[in-house]
Amino acid sequence: MRADARAGLGDGRAVESYTRLVELQREWAGTSFEKELAKDISAAEKHKDAKGPIEGYKRELEAEKVWSEALELLGAKNESAAKGKLRTLLRKYPGTPADKRVRERFADLAAEEDAKKGGG
């Protein structure tokens, strides 16, 4: 299983291979394989062909976490904190699916942030 996951790093399946390694690490937590999987994951993150796609994937995961936090804050009627999270998404995670959702659902906020960026 580990070998199969590592094999995909250089053949266009970097994110799929990386996520499989992370899943295996969770499944095998507390076993003798845990440290080896941590090494495999670290190597995957540094692999010349996989580094970019994995960084992009991890960035999208981070953006999704911020999006979820913003929605929770909105649900709790904490609009000020939610707007802070949404602004963070717009600033730090442009081009992600979460950024696109913010731009669709909170167009006024996105316009404000874009105006700040443009010096306006």
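1. The structure, which is a predicted model, holds two aromatic pairs, where rings of Phe, Tyr and Trp (its six-membered ring) pair if their centres lie within 6.5 Å, and where planes under 30 degrees apart count as stacked, over 60 as edge-to-face and the rest as tilted. A pair of aromatic rings is described by the distance of the centres and the angle of the planes. The rings of tyrosine 18 and tyrosine 57 have centres 6.2 Å apart and planes at 75°, so this pair is edge-to-face. Because tyrosine 18 lies in helix α2 (residues 14-27) and tyrosine 57 in helix α4 (residues 51-75), the pair ties together parts that are 39 residues apart in sequence. Tyrosine 18 is buried, at a relative accessible area of 6%, whereas tyrosine 57 is partly exposed, at 27%; buried means under 20% relative accessible area, exposed over 50%, and partly exposed in between (1.4 Å probe, protein chains only).

2. In the other pair, the rings of tryptophan 28 and phenylalanine 33 have their centres 5.1 Å apart and their planes at 45°, so the pair is tilted. Tryptophan 28 counts as buried at 19% relative accessibility, while phenylalanine 33, at 41%, counts as partly exposed.

3. On how the model is read: since it is predicted, local features need pLDDT of at least 70 and side-chain atom pairs count only at pLDDT 80 or more, while totals for chains, interfaces and linings use all residues. Residues are numbered from 1 along each chain as its sequence is written, and side-chain values use heavy atoms, with hydrogens and water left out.

4. As to the overall fold, the chain has seven helices and zero strands, these being DSSP runs numbered from the N terminus (helices H or I, at least four residues; strands E, at least two). The C-alpha trace spans about 50 × 30 × 20 Å along its principal axes. Buried residues make up 29% of the 120 residues. Of the contacts between residues at least 6 apart in sequence, 45% join residues at least 24 apart, a contact meaning heavy atoms within 4.5 Å.

5. Which residues have the most contacts inside the largest nonpolar core? They are Tyr18, Leu21, Ala44 and Ile54, in a core of 13 residues, where a nonpolar core is a set of buried Ala, Val, Leu, Ile, Met, Phe, Trp, Tyr and Cys residues joined through side-chain atoms within 4.5 Å. Helices α2 and α3 (34-46) each supply at least two residues of this core, and α2 gives the most, with five. Tyrosine 18 touches Leu9, Ile41, Ala44, Glu45, Ile54, Tyr57 and Lys58, not counting residues up to four places away in sequence. Apart from this core lies another, of twelve residues, among them Val66, Ala70, Leu89 and Leu90.

6. Helix α2 has 14 residues and reaches 20 Å from its first C-alpha to its last, close to the 20 Å expected at 1.5 Å a residue, the expected span being 1.5 Å times one less than the number of residues. Its buried residues are Ala14, Ser17, Tyr18, Thr19, Leu21, Val22 and Leu24, and what covers them includes α1 (2-7), α3 and α4.

7. Aspartate 40, in helix α3, counts as buried at 9% relative accessibility. Not counting residues up to four places away in sequence, aspartate 40 touches Arg2, Arg6 and Leu21.

8. Leucine 74 is found in helix α4 and, at 27% relative accessibility, counts as partly exposed. Leaving aside residues up to four places away in sequence, leucine 74 touches Glu79, Ala82 and Phe106. Leucine 74 and glutamate 62 are twelve residues apart in sequence and 19 Å apart in space, C-alpha to C-alpha.

9. Most residues other than glycine have a negative phi. Lysine 77 is exposed, with a relative accessible area of 74%.
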